[in-house]
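Grab a pencil and work through these exercises with the structure open beside you. Try each task before you read its solution.

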Amino acid sequence: MGRGTRATPPDDLAAFYVEQFDRVRGALALVTGDRQLGEELAQEAFVRACQHWERVRTMDAPGAWVHRVGINLAISRGRRTRSERRAHRRLRAERPVDEVTPDGADESLRAALLDLGLDERSVIVLRLYADLSVAQVAGVLGIPEGTVKTRTRTGLAALRAVGLVAPDEADVNEEVR
């Protein structure tokens with residue numbers, strides 16, 4: 001294929017995109033607390049999946065790979081944002097934060113998720129919203145399964161403390177899919 005020639009993505013890439021995009025976008029919107037940013041990060045994650053499709057398509061869980069790319073992009077974006085905020089504070093300029101309720105999440109859930117640290121928030125969103133297993137979340141985030149379980153437990157405890165999770169609901173750490 002010559003330079004400037006556009007290849008049509010394989011049908012399985014298109015089907016993968018249709019199947020996974022809303023889930024990835026929603027997860028990233030919950031992780032970041034910003035629907036628009038979640039959409040942008042999901043788009044970028046799928047661009048990268050397209051660029052590496054020959055390798056991604058052979059993975060056991062290509063959806064988990066796209067979630068991982070999106071989470072990594074969110075972490076990088078968060079670091080840049082924190083650096084910008086510190087610089088603005090040093091200059092005594094306050095920058096308003098655009099916080100939009102993600103699709104399907106009520107304001108109290110969004111606020112409670114944003115009160116969690118990014119590590120716990122990422123695990124909770126991937127476990128409960130994206131419906132990934134402990135092993136899949138560990139793979140997506142590149143952390144041990146025990147860490148996923150610990151972050152899930154502490155994140156759920158924080159959500160229980162504000163009344164968003166019933167105290168008698170089963171702990172998702174017991175589920176191994």
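**Exercise 1. How do H6 and helix H8 cross, and which residues make the contact?**

Solution. Keep in mind that you're looking at a predicted model.

Step 1: Find H6 and helix H8 (residues 145–161); their axes cross at roughly 95° and come within 8 Å.

Step 2: Now put a word to that angle. Anything from 65 to 115 degrees counts as roughly perpendicular, so H6 is roughly perpendicular to H8.

Step 3: Pick out the side that H6 brings to the contact: Asp119, Glu120, Val123, Ile124, Arg127 and Leu128. From H8 come Val148, Arg151, Thr152, Thr154, Gly155, Leu156 and Leu159.

Step 4: Sort the residues of this contact by class, and you get 6 nonpolar, 3 polar and 4 charged.

**Exercise 2. At what angle do helix H6 and helix H7 pack, and what is the hand of the crossing?**

Solution. 

Step 1: Helix H6 covers residues 118–129 and helix H7 covers residues 134–141. They pack at an angle of about 135°, and their axes are 10 Å apart.

Step 2: That angle makes H6 oblique to H7.

Step 3: For the hand, H6 passes H7 in a right-handed crossing.

Step 4: Who's touching? H6 supplies Ser122, Val123, Leu126 and Arg127, while H7 supplies Val134, Val137, Val140 and Leu141. Split by class, the contact of H6 with H7 has 6 nonpolar, 1 polar and 1 charged.

**Exercise 3. Is Val125 buried or exposed, and which residues does Val125 touch?**

Solution. 

Step 1: Stay in helix H6, where you'll find Val125.

Step 2: Check the accessibility. Val125 has a relative accessibility of 2%, and buried means under 20%, so Val125 counts as buried.

Step 3: Leaving out residues up to four places away in sequence, Val125 touches Ala27, Leu30, Val31, Leu113 and Ala130.

Step 4: Look at Ala29 as well: Val125 and Ala29 are 96 residues apart along the chain, yet their C-alpha atoms are separated by 9.5 Å.

**Exercise 4. What kinds of aromatic pair does Phe46 form with Phe16 and with Tyr17?**

Solution. 

Step 1: A search of the whole structure turns up 5 aromatic pairs.

Step 2: Take Phe16 and Phe46. Their ring centres are 5.8 Å apart and the planes sit at 50°, so this pair is tilted. Phe16 is in helix H1 (residues 11–32) and Phe46 in helix H2 (residues 35–51), so the pair links distant parts of the chain, 30 residues apart.

Step 3: Check both for burial: Phe16 has 8% relative accessibility and counts as buried, and Phe46, at 5%, counts as buried too.

Step 4: Next up, Tyr17 and Phe46. This pair is edge-to-face, with 5.2 Å centre to centre and 80° between the planes. Tyr17 lies in helix H1 and Phe46 in helix H2, so the pair ties together parts that are 29 residues apart in sequence. Tyr17 is partly exposed, with a relative accessible area of 37%.

**Exercise 5. How many helices and strands are in the protein chain, and what percentage of its residues count as buried?**

Solution. 

Step 1: The protein chain has 8 helices and 0 strands, so along the sequence the pattern reads α-α-α-α-α-α-α-α.

Step 2: The protein chain has 177 residues, and 38% of them count as buried.

Step 3: Finally, take the contacts with a separation of 6 or more: residues 24 or more positions apart account for 59% of these.

How values were computed. Residues are numbered from 1 along each chain as its sequence is written. This is a predicted model: local features need pLDDT of at least 70, side-chain atom pairs count only at pLDDT 80 or more; totals for chains, interfaces and linings use all residues. Side-chain values use heavy atoms; hydrogens and water are left out. Axes are lines fitted to C-alpha atoms, for helices over the stretch in contact, and angles run from 0 to 180 degrees between N-to-C directions. Helices (H or I, at least four residues) and strands (E, at least two) are DSSP runs, numbered from the N terminus. Angles under 35 degrees count as roughly parallel, over 145 as roughly antiparallel, 65 to 115 as roughly perpendicular and the rest as oblique. A crossing is left-handed if the near helix is turned anticlockwise from the far one by less than a right angle, and right-handed if clockwise. Contact means heavy atoms within 4.5 Å. Ala, Val, Leu, Ile, Met, Phe, Trp, Tyr, Cys and Pro count as nonpolar, Asp, Glu, Lys and Arg as charged, and the others, Gly among them, as polar. Rings of Phe, Tyr and Trp (its six-membered ring) pair if their centres lie within 6.5 Å; planes under 30 degrees apart count as stacked, over 60 as edge-to-face and the rest as tilted. Buried means under 20% relative accessible area, exposed over 50%, partly exposed in between (1.4 Å probe, protein chains only).
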